[in-house]
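This briefing concerns the structure shown below. The points that follow are grouped by topic.

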There are 2 protein chains.
Amino acid sequence: MKQTYCTAHLRSISDTLELIGGKWKLLILTLLHSESPMRFSEIERAIGTITPRMLSKELKELEQNELVERRVYPTMPVSVDYRLTDYGYSLGSVMVALGDWGKNHRRRIMHQPTIEAVNR
Amino acid sequence: MKQTYCTAHLRSISDTLELIGGKWKLLILTLLHSESPMRFSEIERAIGTITPRMLSKELKELEQNELVERRVYPTMPVSVDYRLTDYGYSLGSVMVALGDWGKNHRRRIMHQPTIEAVNR
DNA sequence: CCGGATCCGAAGCGATACTG
DNA sequence: CAGTATCGCTTCGGATCCGG
């Protein structure tokens, strides 16, 4: 019974990783969580190191998984923005947990001397 | 000021993803979170689809980042086990948040007809 | 039992240039 | 502004064989 529970739990984690895994998706979701909607170029600038190609691909996948909604406005030229869906917002606790731990981790790293510093 | 806050937040998330990103690390950590210590072959069987090569590599990286501790016992043949460090356990809230969301997500998927079913 | 060594294809990701 | 197209590098990850 314990085994069954475990494999089910592991599978649900694997499923989640397929949705939000990779280098960019969680960053995009976190951005949109703190500020929605955002335009394509706003996200691009906010992340700073993502290429348009990757941003476009990631947004498309997030949209297909219904975590992000894309809206197009018939202005001239066309303007587009992105926002979290309700389902996207339901990832809030994951983002907060990861962000909090990450901040703590960064502090931990800062206070450790680097290997290079030790070897000198 | 908001911009500063955001980029710092994004960087801490990127840092975290470098530690626990990828296909396997979170699965291994979650396993060890529910049961420590575990032996190499136990983890291998519990995950079911990981190759020894990958498991070895991932465990080594987790150990270098002080999330997992490796202990060797001078039996014959040598036996080894792995357990979470205290720092590893500090990721508990992240694992729980992700696992909970994943279970919910799996239920959501189950209740949606697949594309193939719709097209028939 | 616990891995290491090697090979190899697949996937992720980046750089650059281009378009409506 | 909001992407697409092409290319190529690098990493991921599986398969297989080997060793203490």
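For residues 6–110 of chain A, UniProt lists "domain: HTH hxlR-type" in an unreviewed entry; UniProt positions are given in the numbering used here, feature names are shortened, and annotations may be inferred rather than shown by experiment. Over residues 6–110 of chain A the chain is 66% helix and 13% strand, with the end C-alpha atoms 36 Å apart. Helices (H or I, at least four residues) and strands (E, at least two) are DSSP runs, numbered from the N terminus.

This is a predicted model, in which local features need pLDDT of at least 70 and side-chain atom pairs count only at pLDDT 80 or more, whereas totals for chains, interfaces and linings use all residues. Residues are numbered from 1 along each chain as its sequence is written, chains are lettered from A and ligands numbered from 1 in the order in which they are written, and side-chain values use heavy atoms, with hydrogens and water left out.

**Relation of the two chains**

- In chain B, 3 strands form an open sheet in the order β1-β3-β2, with antiparallel pairing.
- The edge strands are β1 and β2 of chain B, each of which pairs on one side only.
- Two strands pair if DSSP finds at least two bridges between them.
- Strand β1 (residues 38–39) of chain B pairs with β3(B) in the antiparallel sense over 2 bridges, and R39(B) stands opposite D81(B) in β3(B).
- Strand β2 (residues 68–73) of chain B runs antiparallel to β3(B) and is joined to β3(B) by 6 bridges.
- Within β3(B), R83(B) is the bridge partner of E69(B), and V80(B) is that of V72(B).
- A hairpin is formed by β2(B) and β3(B), with 5 residues between them.

**Burial in chain B**

- Strand β3 (residues 79–84) of chain B is mostly covered, with 6 of its 6 residues buried; buried means under 20% relative accessible area, exposed over 50%, and partly exposed in between (1.4 Å probe, protein chains only).
- In a regular strand the side chains alternate between the two faces of the sheet.
- From β3(B), S79(B), D81(B) and R83(B) point one way, while V80(B), Y82(B) and L84(B) point the other way, and all are buried.
- Helix α2 (residues 25–34) of chain B is also mostly covered, with 8 of its 10 residues buried; among them are K25(B), L26(B), T30(B) and L32(B).

**Surface near DNA strand C**

- DNA strand C is surrounded by 15 residues, of which the closest are R39(B), S41(B), S56(B), R70(B) and Y82(B).
- A residue counts as near a molecule or strand if one of its heavy atoms lies within 4 Å of it.
- Sugar or phosphate accounts for 76% of the atoms of DNA strand C within 4 Å of the protein, and the rest belong to bases.
- The side chain of R39(B) has an N or O atom 2.6 Å from a phosphate oxygen of DNA strand C, and a polar side-chain atom of S41(B) lies 2.6 Å from a phosphate oxygen of DNA strand C.
- For S56(B), an N or O atom in the side chain is 2.2 Å from a phosphate oxygen of DNA strand C.
- At least two residues of the surface near DNA strand C are supplied by each of α4 (52–64) of chain A and α3 (40–47), α4 (52–64) and β3 of chain B.
- The largest share of that surface, 3 residues, comes from α4(B).

**E58 in chain A**

- E58(A) has its place in helix α4 of chain A and is buried, with a relative accessible area of 4%.
- The side chains of E58(A) and K25(A) are joined by a polar contact of 3.0 Å; a polar contact is a pair of N or O atoms within 3.5 Å, and within protein one must be able to donate a hydrogen and the other to accept it, while residues adjacent in sequence count only if both atoms are side-chain atoms.
- Leaving aside its neighbours within four places in sequence, E58(A) is in contact (heavy atoms within 4.5 Å) with W24(A), K25(A) and I28(A).
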